[in-house]
Amino acid sequence: MKIRGVSLPQFLLNNSTIVLFVSVFMLFGLASERFFLPENIVNIVKQAAFTGIVAVGMTFVLLTAGIDLSVGSNMYLSAVAAGLLMRQQNFEVLPALIASLIVGTLFGAFNAFCIVRLKIIPFMTTLATLVIGRGVGTALTQSQQIDFPERMNEFGQALVFGVIPMPIVVFVIVVIAAWYILTRTPFGRQIYAIGNDPEAAKKAGINTNRALTRVYLISGFCAGLAGFILVSQLGGRVDRSFAEGREFDAIAAAVLGGTSLFGGAGSVFGTVIGALLITMVQYGLSFNLVNLYLQPMVKAFIIFLAIFFDSLRAANLYKLKRRFIRPLDGLPADPQTVGRSPIEAARTIPSGD
Amino acid sequence: MTPESTPPPLLQLHDISKAFFGIAAVKAVSLHVNAGETLGLIGQNGAGKSTLMNLIGGVVLPDSGTMTFKGQSYTPRSPADANTVGIAFIHQELNLFTNLSIAENIFINQFPRTGILRSIDRAALKQRTRALLHSVGLDMPPDMQIERISPGERQLVEIARALYQDAALIILDEPTTSLTARETERLFAIMDQLRAQGKALIYISHILGDVLRVSDRIAIMRDGALVSHEPTRAYTINRMIAQMVGRSIEQLYPPRTSTPTTETVLEIREVTASGIVERISFALHRGEVLGLFGLMGSGRTELARMIFGVDPFDSGEILIEGQPVHKPSPQRSIQNGVAFVTENRREEGLLMSIDIANNIGLVALKDFAKSLLQTIDQGELLESARSTASALQLKSGDIAQQPAKALSGGNQQKVVIAKWLMSQPSVFLMDEPTRGIDVGAKYEIYSVIDQLAANGSGVLIISSELEELTGMCDRILVMSRGEIYGQFERGEYDEERILRAAFREIMTAEPMLTEMKS
């Protein structure tokens, strides 16, 4: 709203997401003006949907200063479960989707159990479940590729109201729900409080264990949903490298969107921008026929930039939080508001013997 | 004379005691607070004020004694219990979420809700917050973020939160340390108002003038006991300080065997870090034991960390043996012969599970790795460590086997000192070198300090135990709110005067600063 006395670099830093987003968008446009065609933009949003959904779940986790590295494996395992049920039990799309969501949420529940009850740090817990999840999926499929029935493909290509691609609709619903939870419910605000100061949150009477549990459940649910959406978009095929490494896209999207790895700061809106940005980079690089082998490097560079900005912001925050012994210099020069001088303090003391 | 007999007190403590690891922190304190009054609580660092308040706030549990609150037996098991009965504790470091709004901070655990989704009733939230803010005289939009408001305003938000929880007793621990004069006045006005509304307040502060200004009664603690407790009009600043100091406890110090030379080993010139320390200048001489006294939060530890290069500062200069130190860092300081015995030996000074010999060798490891492959000559290290350990009369088992954590506090401290001795430093910075060490072992540590000075090092001791500084130091500097606020030479030591300087009740800073510049 206001840019009260904030310097330009500071302003850019605070709004690094938008700045990056616009610059990258313009850059690709300069490289090829066909990039601006509406169908390309729709494609980007459609492809951003699954990354965005995982990233929204990840945002909840990151807000508590946690992390969920297992979402890629969770997507795989959920998709495998749905695929096996559709192939072997002849499930329809909707029941399969629900099964996928249940598997994803249970996966999240296991993470939550390890983190909240067994007190294993989130990084180690989810690093372990990253391996476990893919291992279980590989065992279930005996490492075979699963081909979904044709109806899965139709689901992926479906248009809601005859115009809007299904993944975009799901994405929008997830975003609105997440936005509502984070900004309009006590649980959402308490997540921010926990990320800001877990000790103070406990002292304020917040049930931090319950909140943390829910956060990992949400992340798991989102991964299950995203896994299912991704299969439908890929034409109904899941092999053992399905969704591998997607946790990095999700974390990068959230961080690009201004969510802090240190907890307490971030928004769903930012994450959406972050997911669009990441997808746009991938899409744009292919669109402009950049050497396939260079693409990961470019993407990594963008992610590096985002995380670098985050640490700059964190350093800034740290400065603001420093404990001050003396009244700060540079506060209003009004003599009334400057800390009491010793002389003034002495004057208020009744003289002794 | 006193109105104490008429209404029953709101909070009554009977013979409350608490000891930590056998050391009494609070000794049989009986005290009461009435509704509609402010009780001022003062005492030196370590006098037991905080422990007493933590007992009331349910943070720690008493060993013996009873409490009654509102006429009922009161036995809090956690801070939440204290909240439930109506006791709010406003800590020196605020417990607010800087990323949330004022309204969200106040209602974080009890949001008003609405609708089938039971979401936050934002209209009610705003309205109720506005009313609460009005009652503490804070005219601000409820959705203002905490990080955008000043420390004083944050303090008022905490009070608003206490009011919302309908606290009958509000404990304020050093609430004015980061406030401006105007904010302090505002806080006092609110406190007067709360008192008029029948709330009880306990006000803890090191600013004695403020305590006189706001309190109806004053309680003074010393060494865990309540030593004085009367209506405010019975006190003057002088009487308060005299009561806090009390008669000196029996404690022995070794005779100093060296006298300071005029050769400067460490010089600090105008070191300033905005908001932390301001224009600190002093010199430490060879053979000198210099004391740095200050209350908690006066900036003494921060200053030591800056000198050693752990924390940055904005301007000023540090000279070691006449040479300015360019970009101080711990590594450079060690090279320059500065040793830093930290306040917290468990966390910073020692590797607890590692054997004593390797702990001792830690700083000087390089000197034992002279071979081509830079491997450590364990034999030489052990021999060297043994001789240092015996010079310090370290009482331990086999130093190559026994881990540091198996030693007593005093012997652990000797290991820390031994560690630094190996690199033959010319400057020792010691932050609370005898904290948590029993009296007998303290004597030995003091002897070691004396030895260090006699061998030509300069020793800077930071302490909040005035006794030990007057017992050991050739000179004492007093720090207060980030400034050097007084200097005392041996022979003119007067605990009352030194304490006054720490409380900023006298000014001796100006002549000293000019003297230092010459």
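Select Glu270(B), which sits in strand β13 (residues 264-273) of chain B. Strands are DSSP runs of E with at least two residues, helices are runs of H or I with at least four, and both are numbered from the N terminus. The model is predicted: local features need pLDDT of at least 70, side-chain atom pairs count only at pLDDT 80 or more, and totals for chains, interfaces and linings use all residues. Residues are numbered from 1 along each chain as its sequence is written, while chains are lettered from A and ligands numbered from 1 in the order in which they are written.

Stay on Glu270(B). Its phi is positive, about 50°, although it is not a glycine. Glu270(B) counts as partly exposed, with 14 C-beta neighbours inside 10 Å. A residue is buried if 20 or more other C-beta atoms lie within 10 Å of its own, exposed if 12 or fewer, and partly exposed in between; C-beta atoms are placed from the backbone.

Next, pick Arg118(B), in the loop between β7 (113-114) and β8 (119-120) of chain B. Its phi is positive too, near 55°. Arg118(B) is exposed, with 12 other C-beta atoms within 10 Å.

**The open sheet**

Now select six strands of chain B in the order β6-β9-β10-β3-β11-β12. They form an open sheet with mixed pairing. Two strands pair if DSSP finds at least two bridges between them. The edge strands are β6 (87-90) and β12 (225-231) of chain B, each pairing on one side only. From one strand to the next, the twist averages 15°.

Zoom in on β6(B). It pairs with β9 (residues 169-173) of chain B in the parallel sense, over four bridges. Find Ile87(B): it stands opposite Leu169(B) in β9(B).

**The enclosed helix**

Go to helix α1 (residues 49-56) of chain B. Seven of its eight residues are buried, so it is largely enclosed by the rest of the structure. Among the buried ones are Leu52(B), Leu55(B) and Ile56(B). After α1(B) comes Gly58(B), with a positive phi near 80°.

**The core**

Which residues have the most contacts inside the largest nonpolar core? They are Ile53(A) and Leu429(B), in a core of 234 residues. Such a core is a set of buried Ala, Val, Leu, Ile, Met, Phe, Trp, Tyr and Cys residues joined through C-beta atoms within 7 Å. Finish on Ile53(A). Beyond its neighbours within four places in sequence, its contacts (C-beta atoms, placed from the backbone, within 7 Å) include Phe171(A), Cys222(A) and Ile229(A).

Notes. Two residues are in contact if their C-beta atoms, placed from the backbone, lie within 7 Å. Axes are lines fitted to C-alpha atoms, for helices over the stretch in contact, and angles run from 0 to 180 degrees between N-to-C directions.
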